[in-house]
Amino acid sequence: MASILPLQLSHVRLAIGTTIVAEDFTLALAAGDPTIVVGANGSGKSTLLRLCHGLAIPTGGTIAWARDPKGQQAMVFQRPSMLRRSALANVAYGLKLRGMPREMRTAIARDRLCRVGLEAIADRPARVLSGGEQARVALARAWALDPQILFLDEPTASLDPAATRALEDILRAMADEGTKIVMTTHNLGQARRLGADIVFLHRGRVLEHAPVERFFRSPGTPEAAAYLAGELPW
Amino acid sequence: MAIFGDAFATAFSLLFGGDRQLFGIVALSLQVSLAATLIAAAIGLPIGAALALARFPGRQTIVVILNALMGLPPVVVGLVVYLLLSRAGPLGSLGLLFTPGAMVVAQTVLIAPILAALARQTLEDAWAEHCDQLRSLGASLMQSAATLLWDTRYALVTVVLAGFGRAAAEVGAVIIVGGNIAGVTRTMTTAIALETSKGDLGLALALGIVLLSVVLAVNAAASWLKSMSVRRYG
Ligand SMILES: Nc1ncnc2c1ncn2[C@@H]1O[C@H](COP(=O)(O)OP(=O)(O)O)[C@@H](O)[C@H]1O
Ligand SMILES: [Mg+2]
């Protein structure tokens, strides 16, 4: 399938009422290894993902894909919402929307639930699952769509270290299979483990976009250096 | 106090003696209110869904009007429906006045706004919770509406039951458009009003007990549904 990447954002701006939520997002995202988005609370990480994913429409600038990305992207939200049906049905739901026959979508959903380690609870109502389980259902749900690009907004924020590692393993496997991962996190250890390149946001701007090693070794802006110094050591 | 005791005695002998007149009145009441509830649900739920999900100019005004219509006085509804259905009225040719059909129309007008307004609130909350997720998965507005109607089905059944309770218990509208004709348009509420004014408290009280039981059963069903859905689906 022809790639929808690279994704090019040029001077993307988003104002909601009088609040400027994004000042200037200029960024290119190419196919390949995971891109990790970091920055302080309120720097615009979630907003960047929402803009890329098409959930927010920029009030200025342009967002350009190589091809029409319709149906080729998926997102895992920080607080995943679950429908009042089984975990399996939640994972299959996106495929149902696309008109896939029941047996096929159930088979795919079951496979994805297996791969996130939830085969045992496939038939349980999704809303009564624990936070960590719901996070994995959300990942399986996005994965079922076989997206070319997957946005994840702090997917491990509510997970314990073991679950966090498990999720990282899954993301690495997905990346190896060719899915572009774009993920926000406050966990710099995770950024190092998973990321190939880092996007650093500060007050609604992309201040840096650099390979992981270089970003951590010698951040190019005082803001990034201060951010790295302020975060807890890993 | 003696009057009360006598009335109760008569009431129980009527209730458990299988009184035909009583049975006819109860059956007609339930039929009329059930029909009105089904029609009002068919009209009110889609309107509630449209108001919850769609954004269009004038929406806020409609919501305010709808909420106000929840408190429509039954006698006013009865009067307006009477004028519409009377021989000289715009719908006079239907010949519905003083038939059960007229009572169905009046109760439908009375409770459709209630169902629409309560459904809108329920669906708007659900939409707020699932909006991003559904859009991310590529659901159209129609698909989202269908999904949320299904997802909130237990809450909506409770809403519909509330509408039924209101329809079954009102007297002002049906007495005007039905005329309280014995054996034709005499419902529990109109019969209670009539028998009380005639001094036949036994029959009035018997009907009152049946009506109360119906309302109680409906409320019990509603709360059972709610707790069952919370237990099963979270
Ligand atoms: N819908 C909104 N209305 C007003 N301000 C918003 C809205 N969404 C986000 N913001 C503001 O935009 C800034 C960036 O938010 P966000 O992208 O959520 O940051 P992050 O995810 O990096 O913590 C914050 O200051 C936030 O308060
Ligand atoms: Mg955020």
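## A salt bridge across the interface

Arg127(A) and Glu129(B) pair in a salt bridge, with 3.1 Å between their closest N and O atoms. The model is predicted. This pair belongs to the contact between chain A and chain B, where the rule finds three salt bridges. Side chains of opposite charge can pair when their charged atoms come close.

Between chain A and chain B, eleven residue pairs are in polar contact, with both residues at pLDDT 80 or more.

## Extent of the interface

The size of an interface is often given as the accessible area lost when the parts come together. Here, chain A and chain B bury about 2000 Å² between them. Carbon and sulfur atoms account for 49% of that area. On chain A, Ser81(A), Arg84(A) and Leu97(A) stand out. These residues supply 32% of the area that chain A buries against chain B, more than any other three residues.

## The site of ligand 1

Ligand 1 is surrounded by residues of chain A. Ile16(A), Thr19(A), Val21(A) and Ala40(A) are among them. The list also includes a run from Asn41(A) through Gly42(A), Ser43(A), Gly44(A), Lys45(A) and Ser46(A) to Thr47(A). In this shell, three residues are nonpolar, seven are polar and one is charged.

Two elements of chain A, β2 (19–29) and α1, each supply at least two residues of the shell. The most come from α1(A), which gives three residues.

Which atoms of Gly42(A) approach an oxygen atom of ligand 1? A backbone N or O atom of Gly42(A) lies 2.7 Å from that oxygen. Ser46(A) and Thr47(A) use their side chains. An N or O atom in the side chain of Ser46(A) is 2.8 Å from an oxygen atom of ligand 1. For the side chain of Thr47(A), the distance from an N or O atom to an oxygen atom of the ligand is 2.5 Å. Ligand 1 exposes 560 Å² when taken alone, and the protein buries 58% of that.

## A salt bridge within chain A

Over all chains, the count comes to 14 salt bridges. One of them joins the side chains of Asp146(A) and Arg112(A), at 2.8 Å from N to O. Why does this pair tie together parts that are 34 residues apart in sequence? Asp146(A) lies in the loop between α4 (131–144) and β6 (149–153), whereas Arg112(A) lies in helix α3 (residues 102–115), so the pair links those two parts of chain A.

## Backbone details in chain A

The peptide bond from Leu5(A) to Pro6(A) is cis, with omega near 5 degrees. Pro6(A) sits in the segment before β1 (7–16).

Glu154(A) has a positive phi, near 40 degrees, and is a residue other than glycine. Glu154(A) lies in the loop between β6 and α5 (161–176) of chain A.

## Chain B

Chain B has ten helices and zero strands. Its C-alpha atoms fill a box of roughly 65 × 50 × 25 Å along the principal axes.

Definitions and conventions. Residues numbered from 1 in each chain as written. Chains lettered and ligands numbered in written order. Predicted model: local features only at pLDDT ≥ 70, side-chain atom pairs only at ≥ 80, totals over all residues. Heavy atoms only, no water. Buried area = accessible area lost by both parts, 1.4 Å probe. Salt bridge = Lys/Arg side-chain N within 4 Å of Asp/Glu carboxyl O. Polar contact = N/O pair within 3.5 Å; in protein donor to acceptor, adjacent residues only side chain to side chain. Near = heavy atom within 4 Å. Areas by Shrake-Rupley, 256 points an atom, 1.4 Å probe, with all protein chains shown as cover. Helix = DSSP H or I, 4+ residues; strand = E, 2+ residues; numbered from the N terminus. Nonpolar A, V, L, I, M, F, W, Y, C, P; charged D, E, K, R; others polar.
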